[in-house]
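Here is a set of questions and answers for a reader new to this structure.

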Amino acid sequence: MRLTRRAFVAASTLAAAAFQSRWRGSRVWIGPEYWANPLQDWRMENGVVVAQAAAGRTLHLLTHQMTESGNAELSVSIVPPRDAGATARAGFRIGIRGKLDDYRHALVLPTHWVDAAISADGTLAIDDAKSEARVAFNGAVTLRLRVDGCEATLSAGKVRVTKKIRPAGNIALLAEHGEWRFRDWTATGTQLAAHPEQTFGPVLWTQYLAAGGVLKVTALFAPMETRTANFEVRSGAKWRTLAEAPIDPMSRTAAFRIPNWDSTVRQEYRVSCRWQ
């Protein structure tokens, strides 16, 4: 079969927009592609994301948002909590928007969203639309959300529910009331917009002070297993390491002190670390 240029471009665009979680290790911070609400209620255990959830706990995917048109499919493997109550549920929260048209605003001040979740009793629901049948939990259940334009279908095995929605906005995992476990989160389709530059961490921010020929830099890191960081300056087309510092396990900061610093020369710098 001959592949036309249009088909090749379409396939390449679809592949670029696809997402697949690559979780491994054990730590509090999930990774630079994610925003946990709140941080302390999410953690990684041997490559499995665990939510110790109260109401409305979400793990946003920073690098992808959903648009109004096209199609998309999200899937994730879920293990329910033991002895879960009637209000326990988990799944997806999509179309997350705030009053400002910015994905970062929707992280902290959301005003609109759509929940597509499975309850601990096996009922599937997209907002107020619920499945008549129930999913039988026997270990992990794979939850799939198919969106075609404004029609969403949530399914697990042969059980499904469908509802008209407004999908444009952030996408996230949702967990409520109990210890839910997630693995193998994927997303693909033409309705996804990929922005790989939209990450946060492991270096969260830096501040510096230059005085008396000495440069002092403090860097703040996400909570992770990395123990050291480097202070580097650009030298032509390459980066040169001037100092290495330990990352304090409590404050998650590294303090650098660079003597003989010429403050009259403009210098590009960065802080780097190997986090996994």
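Predicted model: local features only at pLDDT ≥ 70, side-chain atom pairs only at ≥ 80, totals over all residues.

**Pockets, cores and aromatic pairs**

Q: How many residues in the lining of the second largest pocket are nonpolar?
A: The lining of this pocket consists of 14 residues, and W29, W35, L39, F200 and L204 lie nearest its centre. By class, one residue of the lining is polar and no residue is charged. The number of nonpolar residues is 13.

Q: Which elements give two or more residues to the lining of the largest pocket?
A: The largest pocket holds about 370 Å³ of space. It is lined by 22 residues, and F19, Q20, R22, E33 and Y34 are the closest to its centre. The elements that give two or more residues to this lining are β1 (19–20) and β5 (57–66).

Q: How many residues in the lining of the largest pocket are charged?
A: The lining of the largest pocket includes eleven nonpolar residues and seven polar ones. The charged residues in this lining number four.

Q: How many residues does the other nonpolar core have, apart from the largest?
A: The largest nonpolar core has 47 residues, of which W42, F92, I94, F182 and W185 touch the most other members. Another core lies apart from it, with L215, A219, F221 and A222 among its members. The size of that other core is 20 residues.

Q: Is the aromatic pair of F19 and Y34 stacked or edge-to-face?
A: The aromatic pairs in the model come to eleven. In the pair of F19 and Y34, the rings are 6.3 Å apart, centre to centre, with 75° between the planes. Planes over 60 degrees apart count as edge-to-face, and this pair is edge-to-face.

Q: How many residues apart in sequence are the parts that the pair of F19 and Y34 ties together?
A: Both F19 and Y34 are buried. F19 lies in strand β1 and Y34 in strand β2, so their pair ties together parts whose separation in sequence is 15 residues.

Q: Which residues form one aromatic cluster with F231 and F256?
A: F231 and F256 form a tilted aromatic pair, 6.0 Å centre to centre and with 45° between the planes. F231 lies in strand β19 (residues 228–235) and F256 in strand β21 (residues 253–258), so the pair ties together parts that are 25 residues apart in sequence. F231 is buried at a relative accessible area of 0%, and F256 is buried at 3%. The residues that form one aromatic cluster with F231 and F256 are Y208, W261 and Y269.

How values were computed
Residues numbered from 1 in each chain as written. Heavy atoms only, no water. Core = buried A, V, L, I, M, F, W, Y, C linked by side-chain atoms within 4.5 Å. Buried < 20%, exposed > 50% of the residue type's maximum accessible area, 1.4 Å probe, protein only. 1 Å grid on protein atoms, 1.4 Å probe; cavity = no way out; pocket = protein on both sides within 12 Å on 5 of 7 lines; lining within 4 Å. Points joined across faces, edges and corners; volume = space filled by probe spheres on them. Helix = DSSP H or I, 4+ residues; strand = E, 2+ residues; numbered from the N terminus. Nonpolar A, V, L, I, M, F, W, Y, C, P; charged D, E, K, R; others polar. Phe/Tyr/Trp six-rings, centres within 6.5 Å; stacked < 30°, edge-to-face > 60°.
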